[in-house]
Amino acid sequence: MLSLVYYLIVCKSLTYAQRTASVLERSGIGARILRTPRQVSENGCSYSVKIAQRSLPAALTALLRAGLTPTRVFITGSDGSYREAEL
Amino acid sequence: MIFLDSAATTLQKPASVRQAVRLAMEHAASPGRGGYPAAARAAELVFRCRETAARLFDVPGPEQVVLTFNATHGLNIAIRSLAVPGSRCVISGYEHNAVTRTLAALPVRVDVARGQLFQPDELLEDFAQLLPGADFAVCTHVSNVFGYILPLKEIAELCRRNSVALVVDASQSAGCLPVSLTELGADYVAMPGHKGLYGPQGTGLLLCSPQAKPAPLLTGGTGSESLLQTMPQFLPDRLEAGTHNVPGAAGLTAGMEFVLRTGPEHILRHEQALCRGLAEDLRGVPGLRVMASSDPALQSGVLSLVPEGMDPEALGEALGQQGICVRSGYHCAPLAHATAGTLETGTVRLSFSAFNRASEAARAASVLRRSLKKGRTEGNGE
C-alpha cells in the first residue's frame, strides 16, 4: 500500500510511463500509472508513475540504470497540492 | 484447401492469435484515453506488443516500436521522412510497389542497384557503386516474388560506411530471418504483422532507430500533449495519431510469441525445405521455368514459376479451382520482374508458412503438373 504522501514521476507519454513502471516493478518498487493531474501537466494530457515516498532514491537509481531520466518529479502535499521535487 | 499464399498473408494462424483478438475486443478499450480498467488493459496490451517486438527485433526501447496498419504504412512514413526535394535514393532491383510508388510520388532521384536474381555479389557491387553521395537507401530483405534473400547485412554495412540512411523492408523476412535493428544500424525497419508474424491483417510495425527523425504521416489525437496543435516530438506518439487497433496489437503479440516459441530459424528451415522439395519435384516438368536458386541458403519459402505457353493467371485460376491457393501475376513488384526477366509474363507464386506440410507441397506439385498439361491441351485446341 502506498503512503498518502507520494511522488509522481511525470512522463511525456503513456509508453514512457509504462516503461518507467515496468523498470521499477522489475526492481521491486511498487509503481502505478495514472493520468497526470492537471495542476502539474504542462501541455495537456500525459501519464505519471506514482511511487511511495520512501522509494524515490531506489527508483531514481533503477531508472538511471535503465537509461530513463525523469525530467519532472512532484511530491504531494498534505493539502493535495503538488510541489516539484529537486532532483 | 491448401494455402500457399503466405507471402501475401498467412491465413492459418495460431489459435492463441484468435483468442487474443477476441479477448481484446471483449475487454479492452483505448490506450491513452482514460485511467479506468478497460483503458489500462488496452494500454497494457499495446505495450506488450511493443515489448515483444523490441525483444524479437533487438530494438533498444519499446517506444521505438511504432504500430502501423501494414508494412506499406511504415515504409511511407520512413521514406517520406528521409526524402527531401532533390535528394538521391538507392534501391534494390527487387523492391515492391510500396517502395517504388512511394518514391515515384516524391521529388527524388532514384538509382536502382540491380544484380541478377540469386547473384548477391552483383547486387553488392551495384550498391557499392551507387551509394557514395546518396542520401538514403531502401532495400527489401527478401524478394516477395522470388524469395531471394538479399545480402542485407553487407548492404547495411555499405550504407554505414557511406553515411547513407537505410530503410529496410522486412515484409518477407520478419518472423523467419534474423532482423536486428541494432546490428543493421538501419534508420527504419518496416514490416507487416499479418505475414510471418502471424498477426491479424491491418497490423504492422515500424522500428525506428534512436537517430531517426520521423515525420508524421497522419496528424490527430495521441492522448498526449493535447493542448498543443503540433504532433508530439517523441515516439511512438509522433507517428500514432488516432485510436489504436488494440485487438490487432493483441493478436500480433500472440503471433510474435508463437514465432519466439517456435524459433524463427526453425520456421525458416521448415519453409525452405518445403520450397526446395517443391522446386525439385517440378524441375523436370516440360515447359515450366522454376525460379529456384542453386544455393538453397539464398531462397526463403517463396517459389515463382513461369509456365511457357500458358498464362500464369490461367494456371493460378486452375489451381485455385482445385483448392490450391496461390498467387499469379506481378505480385505488386514490377521492378523485381524487370530485374529478373519475367516482366513479359509475370509468375505463379507459391509461398509457405509454418503451418504447411510436405504432403501439401507434393499435392500442389501433382495438381500443377496436371493443370499445366490440361491448360496446354486446351490452349492448343486439342
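Q: Which residue is the bridge partner of Val90(B) in E5(B)?
A: The partner is Ala137(B). The model is a predicted one.

Q: What makes E3(B) and strand E5 (residues 136-140) of chain B a pair?
A: A pair needs at least two bridges. E3(B) and E5(B) are joined by three bridges, so they count as paired. The two strands run parallel.

Q: How do you know that E3(B) also pairs with E4(B)?
A: Five bridges join E3(B) to E4(B). At least two are needed, so this is a pair as well. The two run parallel. Within this pairing, Ile91(B) stands opposite Val112(B) in E4(B).

Q: Why is strand E3 (residues 88-92) of chain B called largely enclosed?
A: A residue is buried if 20 or more other C-beta atoms lie within 10 Å of its own. Four of the five residues of E3(B) are buried, so the rest of the structure largely encloses this strand.

Q: What do E3(B), helix H4 (residues 97-104) of chain B and E4(B) make?
A: They make a β-α-β unit, and the unit is right-handed. The term right-handed applies because the path from the first strand over the helix to the second runs clockwise, with the strands pointing away from the viewer.

Q: Why are strand E2 (65-68) and strand E4 (109-113) of chain B called edge strands?
A: The sheet is open, and its seven strands follow the order E2-E8-E7-E6-E5-E3-E4 (chain B). E2(B) and E4(B) each pair on one side only. The pairing in this sheet is mixed. Its twist averages 20° from one strand to the next.

Q: How are strand E7 (residues 188-192) and strand E8 (residues 204-208) of chain B joined?
A: Five bridges join them, and the strands run antiparallel. Tyr188(B), for one, has Cys208(B) in E8(B) as its bridge partner.

Q: What is the order of the open sheet of four strands in chain B, and which pairing does it have?
A: The order is E9-E10-E13-E12 (chain B), and the pairing is antiparallel. Strand E9 (288-291) and strand E12 (327-329) of chain B are the edges, each pairing on one side only. The twist averages 25° from one strand to the next.

Q: What makes strand E10 (residues 302-307) and strand E13 (residues 347-351) of chain B a pair?
A: Four bridges join E10(B) to E13(B). The cut-off is at least two, so they pair. Leu303(B) stands opposite Leu350(B) in E13(B).

Q: Which strands does helix H9 (residues 264-282) of chain B touch?
A: H9(B) packs on the sheet and touches E9, E10 and E13 of chain B. Its direction makes about 20° with that of E10(B). Helix H10 (residues 312-321) of chain B lies across E10, E12 and E13 of chain B, at about 165° to E12(B).

Notes
Residues are numbered from 1 along each chain as its sequence is written. Chains are lettered from A and ligands numbered from 1 in the order in which they are written. This is a predicted model: local features need pLDDT of at least 70, side-chain atom pairs count only at pLDDT 80 or more; totals for chains, interfaces and linings use all residues. Axes are lines fitted to C-alpha atoms, for helices over the stretch in contact, and angles run from 0 to 180 degrees between N-to-C directions. Two residues are in contact if their C-beta atoms, placed from the backbone, lie within 7 Å. A residue is buried if 20 or more other C-beta atoms lie within 10 Å of its own, exposed if 12 or fewer, and partly exposed in between; C-beta atoms are placed from the backbone.
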